[in-house]
Amino acid sequence: MSHPLVHTSPLSTHKARWGIPLLLCALSGCMVGPKGDPPPLPDKAGYTAQPMAHTAGRTAGSSILRRQDFVTGMDIPGKWWEIFKNPKLNQLVEQALANNQSLKAMQNSLKAAWEQRRVEGAALYPSISAQFIPSRNKTSKTLSPVPNNNSWLYNLHTAQLNIGYVPDLWGGTRQAIKAGGAQADIQHAQLEATALTMVSDLVTATITEAGLRAQIRAKEAQISEQTKMLAIGGHQFGAGDVSRQSLLVQRDALAQIQADLPPLKNQLAQTRDQIATLIGSTPNVDLPVFELDDFTLPEKLPVTLPATLLSHRPDVEAARAQIQAAAAQVGIAIANRLPNVQLSALPGQAVGHMSQFFKPGYGNWDIAATVTQPIFQGGSLLHAQREARDNLLQANEYYKSTVISAIGDVANSLHAVEFDSDTLLADQKGLEAAQESYKIAQAQHRLGDNSEIDLLQSQLAVAQDELSVAQDKVARFSDTVGLFQSLGGGWWHRNDLGMSPKDAKELSKSLLPW
């Protein structure tokens, strides 16, 4: 059971008031210190002022233009990236989970934390060690009496067990175990955060690549149309139909569009390098090519309740474990100021010849108990307890801040999903209008009602709107990724521990709190 102690004054004061409770606490093997429960969720915590049912969108046509419905309480699958229905993406994510070096490093760090927790647990058991001391001895004739066999030189063989046990009277050892388990929980949360960030970055990178390819094609179409317009302008200038200034304006417009193309290609190359790095490979690896049409926008999006979000976000889990670790350190600091008992036993044998071992008459033993009560250490124990208390208060405030940030992240993701869908629909309408205008311009051009320049300008407008729509599609796919990431990414349905599910289950059982 747990018995938080608020005051830990020296026992010499108010002995009658403290003596019996402390004695009962010691005999029951209690744990002093706070429990380490996290602060409650803020009152009326939510993501938006008004409930969100769905985004703007169409009921038919391309999936990227369809509306997305928000489903409150919908669980997130462990392999949430499969909702985009892109087999090439699925393969890359699985490869990243298996090969990413950062993730492997975190897996090893977690295993080390588990081992350290077991190291702390060993203190609950007696310690036993054995020693054997063979020696050759000479007794001084002046300082020692004559031996029985008149031999001043003799052999001595000593075999002994050292048995020690420190009863955990105040739960200090169990608090250390609790602190070790909390540190392991922090490492686990950091592992899941690493996996979630890596997967989210990888999915976003593939979407970005697809969007960049669409933007490059649109930009190349703009360059092509502008080049044709400049050629026509050159003929018109030669015929004296346009001024040199008009020709230079067209050249400037073409140069500006051409200047936009290299940064897009550079960004595409860097994005593919990022993808290679995320899957644990070098940039020269052969990667699949991604296009926006390869991705399917999910029609239903999860909205986890704030109370559930606290157990799904790795950063919140880490902050909660930090409170547990800090609370355990308070308990350890309190226990260090209370009386301590150490039991020891030294059974053994001392013989002159090896053949005499395990024969009657050669045995020896020593049993002792030591009771220690700290009296004066310059105030170090008191200040250590206060330090632990302040660290606990800090951990509580950090937890509150993490919770608020987590809720804010989800709110930002929901707003992005909502408003970016509006932007896409608006730009899509503009693209459809430009495409219809281009068709009309083509018909007019066949009838001779407009010039080649008019037709090229219509094509240029279509290419510009295609560029905007491609950017909007990337934003809408990326917003969906951001929402899944802000909600925790479904790690509770995966095994990111780097071991078999059976081993992970057995390990979790062995690390249950004491």
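Colleague: Leaving aside its neighbours within four places in sequence, which residues is Val203 in contact with?

Modeller: A quick word on the ground rules: this is a predicted model, where local features need pLDDT of at least 70 and side-chain atom pairs count only at pLDDT 80 or more, while totals for chains, interfaces and linings use all residues. Residues are numbered from 1 along each chain as its sequence is written, and side-chain values use heavy atoms, with hydrogens and water left out. Contact means heavy atoms within 4.5 Å. On that basis, the partners of Val203 are Trp80, Trp81, Phe84, Leu89, Val93 and Val481.

Colleague: And which members of the largest nonpolar core touch the most other members?

Modeller: A nonpolar core is a set of buried Ala, Val, Leu, Ile, Met, Phe, Trp, Tyr and Cys residues joined through side-chain atoms within 4.5 Å. Buried means under 20% relative accessible area, exposed over 50%, and partly exposed in between, with a 1.4 Å probe and protein chains only. In the largest core, which has 87 residues, the ones touching the most other members are Trp80 and Val203.

Colleague: Which helix gives the most to this core?

Modeller: Helices (H or I, at least four residues) and strands (E, at least two) are DSSP runs, numbered from the N terminus. The protein has 10 helices and 10 strands. With 17 residues in the core, the top contributor is the helix spanning residues 380–447, H8.

Colleague: How are the rings of Trp80 and Trp81 arranged?

Modeller: Rings of Phe, Tyr and Trp (its six-membered ring) pair if their centres lie within 6.5 Å; planes under 30 degrees apart count as stacked, over 60 as edge-to-face and the rest as tilted. Trp80 and Trp81 are both buried. Their ring centres are 6.0 Å apart and their planes are at 75°, so the pair is edge-to-face.

Colleague: Trp491 and Trp492 make a ring pair too; what angle do their planes make?

Modeller: Trp491 is buried, at 14% relative accessibility, while Trp492 is partly exposed at 24%. The ring centres lie 5.9 Å apart in this edge-to-face pair, and the planes are at 80°.

Colleague: Which residue lies over the face of Phe290?

Modeller: Phe290 belongs to a cluster that ring pairs form with Phe84, Phe295 and Phe477. A charge sits over a ring if NZ of Lys or CZ of Arg is within 6 Å of the ring centre and within 35 degrees of the ring normal. Here, at 5.4 Å from the ring centre, that residue is Lys88.

Colleague: Are Arg272 and Glu209 buried or exposed?

Modeller: Arg272 has a relative accessible area of 19%. Glu209 comes in at 0%. By the cut-off, Arg272 and Glu209 count as buried.

Colleague: How many salt bridges are there by this rule?

Modeller: Another one joins Arg313 and Asp315, with the closest N and O atoms 2.8 Å apart. There's also Asp496 with Arg494, at 3.0 Å, and both of those residues are buried. The count comes to 16.

Conventions: A salt bridge is a side-chain nitrogen of Lys or Arg within 4 Å of a carboxyl oxygen of Asp or Glu.
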